[in-house]
Each structure stands twice: as structure tokens, then as C-alpha cells.
There are 2 protein chains.
Amino acid sequence: MPDPVQIFFDSVLPNKLPRPESYEAYSPSNIALAKYWGKRDQTLNLPLNSSLSISLGHLGSKTHVSSATDGVDGVWFDGDKLPNQSRFAQKVLAFADLFRRGQNLPLHIVTKNTIPTASGLASSASGFAALTRAISGAFKLALSDAQLSMISRFGSGSASRSIWHGFVCWDRGVRDDGTDCVARQLPHHWPGFRIAVIPVDTDLKSVPSSDGMRHTVATSPLFEAWPEHAEADCIRVEAAVLARDFTVLGETVEANALAMHATMLASRPVLNYLQPASWTCLETIWNARKAGIEAYATMDAGANIKVLFLETNRTQIETLFPQGLIIDPFADHTQECEFSK
Amino acid sequence: MPDPVQIFFDSVLPNKLPRPESYEAYSPSNIALAKYWGKRDQTLNLPLNSSLSISLGHLGSKTHVSSATDGVDGVWFDGDKLPNQSRFAQKVLAFADLFRRGQNLPLHIVTKNTIPTASGLASSASGFAALTRAISGAFKLALSDAQLSMISRFGSGSASRSIWHGFVCWDRGVRDDGTDCVARQLPHHWPGFRIAVIPVDTDLKSVPSSDGMRHTVATSPLFEAWPEHAEADCIRVEAAVLARDFTVLGETVEANALAMHATMLASRPVLNYLQPASWTCLETIWNARKAGIEAYATMDAGANIKVLFLETNRTQIETLFPQGLIIDPFADHTQECEFSK
């Protein structure tokens, strides 16, 4: 049987790649406002439901790809050369192999994250998006952003959204070959939109999200209701972005995140990413809302809480969460957006 | 249209009640091991799923009913005469009216709880079960335990299980008139079975469970999956009791409680009975299990955690939870079980 991954890459890439040039690319991290949880195809990494995210501006990954002058693949991360047998280097090189398809084109791949480690924000989305852009640039592939998004998906599902800044919707698609499963940027700027990341736990013991998804889909009695409702949430969040309705957006985002975590809590055995301190943060947010401060929570496959709010409430949020890292996703990020050789 | 409640009471009670005699009854509180959450009929108080509980032996309610010598209904609770307009007295007298059906038979109703207030255990189940037994006794009604259980249900759904000691299964039934919706005692004693109630929050601000159920059924996108899976859990717990398989019992009970709370967390707006300290207790239990101590959690419409364990692990549980109230549901409770005039 033909390999569907191979079929996809053969369809978007030329048979023979040129010798790579030096190319650097940046991609932002992103936080899903309507969550992705559960795959409809493990091989092609197709999701059961559409998702919608906000990219994190200057918090992301910068990746430089060039021809390996020593003739041997090499991977550097945050300044350190990694052993090629390390998990990180293996993932990066396996991803590069999807482009190279057996051709002898050794690469040097240098990645730096601009995400503070203490924030606990995942970097796989921005990492694979930047890697996709950088490899494509190095091989002078004339790929569209939509094609780059589809390629990124093979590294990490959420990377398909990190190809763009701002609000991005990743449509689940319906086709078995995944050719309609692609992200798109929403053309809406929302300058007052803010996110505070509240670090609760930054150690990396938690279950990787793809393992967590598999476990939830396989064992959670409540999961069967998720895909359809997550899809409805995604549509509702997109409409709220369009209408700049922060209340509908916030209420939907928070309820969507809680529903996702609820599907995990019902897994057998339990899958619990939140910690008691996460719940304390949530209670702080719920009490703030009762006091008239519009702030909403979202939570991913980890214990940290992300708070959505508007710049007008910045002072109150800083008082409630002095430890929070405040992100302005629509601030000037032209520097990071330049994809230069 | 005929009132279905009236139809039910007419079917089990004589047309005319005799003058009441003095009668005292005791009913134990109970903790659901397979939870009841969601009604299929609000008027007849019929559940969407079957549930299974363990009664709490000498923790319960003792109720004395007698003819009101002053000709006026009166309600006493834990030693205090309540105003007849108080919420508690109104509920008790409205329940008595279901028996009296307009007949002028004033009653004195005296209730005492043997449940420590600090335990945060609900007393409506034992309260309505004891009230049902006491009123039936006072009116010399020759009702079976099954009939008493069905009558108790009109006061509180979970009261239908508090008619018996030990393990009790409340079958949901399928008939619209509720005549097959009745609880039954499981004939299995398990002398080593223990429950520790870990008080987390004993203030009574939380949403009453019937309101919480309505909100969950109406708004939680995950609830649609609950009834069928809750039914499967109930069958699994009953089989585990029969087989004395504490591991299967504990795993199912804990997962069932988490799934119930998960349906609430997905409600819009969120319905959250658990507090950060509840999650700390849960983590303690999960860590204990990793260390080989078989202990499992269950949680109801409140922040307290109930821990299931076997007497062989009593010392470890006492060390982990020095504040816990340990209950031996199969201890001698003949004194409380005597339903004397």
C-alpha cells in the first residue's frame, strides 16, 4: 500500500531538491482558543475537530537551516549542539527527511526559542512551523502558506496554526487524504487583546499531548460528545472574533477549555493536567468576573493557566497575577516576521 | 390531566388514614458509589441512570412522628422547634401532605441527625427515608420496603437508597409512571469495607444537587454521554461487590465520580463543586495508590472527598488523612435499625 505521507510530500515537492542555501525563519507560538483534542487519522495527523488560536507575536521559535559544510546532519538548540541520537534531534531530522525523501542533502539546523522557559508554553508548534519555513526557504521551494501549514502538521498538529500571526483557524476538513485539512489566518486585528500566562508548574513530567489525546479518545466515556461540540465552539469563537465580542469569545473559550479537560478527567485511568494551584487561579478569575473584571481562562495539556483580557483591564490583571507574563499578540513583530536568507 | 404524584400515592395508600400513633424510625445516610446525576422526570423524580450506594450505618437521621396534641403541625430539628414557614419545615410538611392528601391529621415531626455537621455529609437522603418510615409507621401503613423506597424518592432521589443498610442499588426503570423505578438492597456484607470522609469545606453555599443536575443536563455538551456510561458503571460496581473485587470496585467508583464532575465542569456556565483542597486530597490518594495503598476517591455535590479503603489499610489512611472521619458501614447498627413505636 502506498504511504499516504509520501503521497502528500510527493504532491507538493519537486522530485529533486536543489543544494540548500542558508535560510532563517521565525514562527510564533500559539494558544488555542477553541481546542484541538483527538485525531481522526494518526498517520496524516488529522484532527477530529477544527481549532482556533491566537499566535503569540514575538514569543516563538527562530530556525536557521543551511547546507552542512561537514557533510553530516547537525542540530543545535538554544546554543547547544545536540547528539543526533537525542530525541529532539531525531524528531527534527525525521521531519527534514520528509522533505529530502532519501536525497543526500545534509543540513545544519539551528533553533532558538524566544519563549521564556518559566512560562511553561509549549514550543513544538512554533518549532515545527519555523522549521518548515526554514527548510522550505533553504530548498527554495515556492510553497504557499497553506502548503507550509499542511507540512507543519506532520511535525505537530498545532504547528499548522503557527504559520501565521494573529487569529488562525485550523479547519479539520473531511477528506481522508487530508487535503482539505488546513489552517487559515483570520483577517481580524484586535489591538486591545491580551493574554497573561500564569505559570503554575514548569516541570515537564506531564503526559505529552498526543499520548493524552489517544488515551482520552480510547477511554473517556464523555469523549464521544466532544468533536461535535468543539466544532460548534470553534465556529462561535470565530464569529466572536469577527464581531469583536469579548464576552462571547471569553465565555466560549473558557467553557471549551473546561470541556476539553473534562473529557480527560473522565478518562480511565484519569488524565489530569491541572493542579490544585491551577484551580486556585481559576477561582481567582471567577471571583474577578463576579467583581466585574472581564477575564477568562484557558488551559492546555499542562497546569498553567492563560488568562484572556483586554488592555483596559491590564492593571487589575497585574494586581491579581503579579507572576503573570503578559503577551500583546498584535504588537509590532515585523522583525520576527522577516524571513530572510 | 390527573396528577401523576397523586395517582402514585392513591395507588399505595388507603383512602382514609387512621389517627396517627407515635412512631420513631432511623435511616442511614448513604454515599453513592455509582452516581445518580440527571432526572428523566422532574415530577416523579425519576433518574436518567441507575445508581448504587453504601449506607453509612449509624450516621443518619432519626425521626419521631406523632399526632399533634395541640392540633397544629409542628417540626423540630436537632432540638429546635422550626417556624412552619421555614424552608425545612415546609419541605417536611409538604412531604407529609403527600400522605395526608387533604385529611386533617396534624403531626408533630421531630428529627435528629446523627451525622456530624463537620463531616459535610448531606442529610436529605437519610432525612426523607426516616421521615417516610416514621410517617408510615405512625399511620400503621403496611408498606413494603420497596414501597417505602419509592415514596422516599418524592422527598429526595437518593433517599430511595437510604431505606436499607449496606449496598443498595436504585434501578432507574423504564416506565413513564415510575413503577419500576425502585431501589433494592444487595445481599452482600463486606465487613472490611471502610469509608473515610475528608472534610474540605462544610459551609453550605454550594448549588443544591437538583439545581446542579438540571443545569448540567440543560447546558453540558458532554452530558449526553453520561446516562449510558453511568448505567454501565452501576452494573460494573454491582458485579464488583458480588465478587468482592475491591480493585475493580474502587477504580470504577473513582472514574464514575470523576466523570460525573466532568459533566458539571463542561456545563455553561461552569458548575464546580470541587475546591483546590479537594484536588490536593485527590492527589494524595493517587500518590498513595502509586505507593501500593489501595484507596479510591468519590465526590458528590460538594467539596468533600470520600475515600474508600479496606480495614487492612486503616493505619495508612489515618496517617494520610488525620482529619478523616472513618465509617464502618457494616458495624453493628441494630440499635438504629429498630423501628419501634
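Reader: By what turn can chain A be laid on chain B?

Author: In this predicted model, chain A can be laid on chain B with an RMSD of 0.0 Å. The shift along the axis is 0.0 Å, and the turn is 180°. The two copies are thus related as by a two-fold rotation axis.

Reader: How many residues does the contact take from chain A and from chain B?

Author: Of the interface residues of chain A, 100% are also interface residues in chain B, so the copies meet through the same surface. The contact takes 18 residues from chain A and 18 residues from chain B.

Reader: Which element gives the most to the side of chain A that touches chain B?

Author: Two elements of chain A give two or more residues to this side: α7 (246–265) and α8 (276–290). The residues of the side divide into 12 nonpolar, 4 polar and 2 charged. With 7 residues, the element that gives the most is α7(A).

Reader: Over which residues of chain A is the pLDDT below 50?

Author: Chain A averages a pLDDT of 94, and 96% of its residues score at least 70. A stretch with pLDDT below 50 has 12 contacts in the model beyond near neighbours in sequence. Where pLDDT is low, the predicted coordinates should not be read in detail. The stretch in question is residues 335–341 of chain A.

Technical notes:
Residues are numbered from 1 along each chain as its sequence is written. Chains are lettered from A and ligands numbered from 1 in the order in which they are written. This is a predicted model: local features need pLDDT of at least 70, side-chain atom pairs count only at pLDDT 80 or more; totals for chains, interfaces and linings use all residues. Copies are superposed by least squares on the C-alpha atoms of residues with pLDDT of at least 70 in both. Two residues are in contact if their C-beta atoms, placed from the backbone, lie within 7 Å. pLDDT is the predictor's confidence in each residue, from 0 to 100. Helices (H or I, at least four residues) and strands (E, at least two) are DSSP runs, numbered from the N terminus. Ala, Val, Leu, Ile, Met, Phe, Trp, Tyr, Cys and Pro count as nonpolar, Asp, Glu, Lys and Arg as charged, and the others, Gly among them, as polar.
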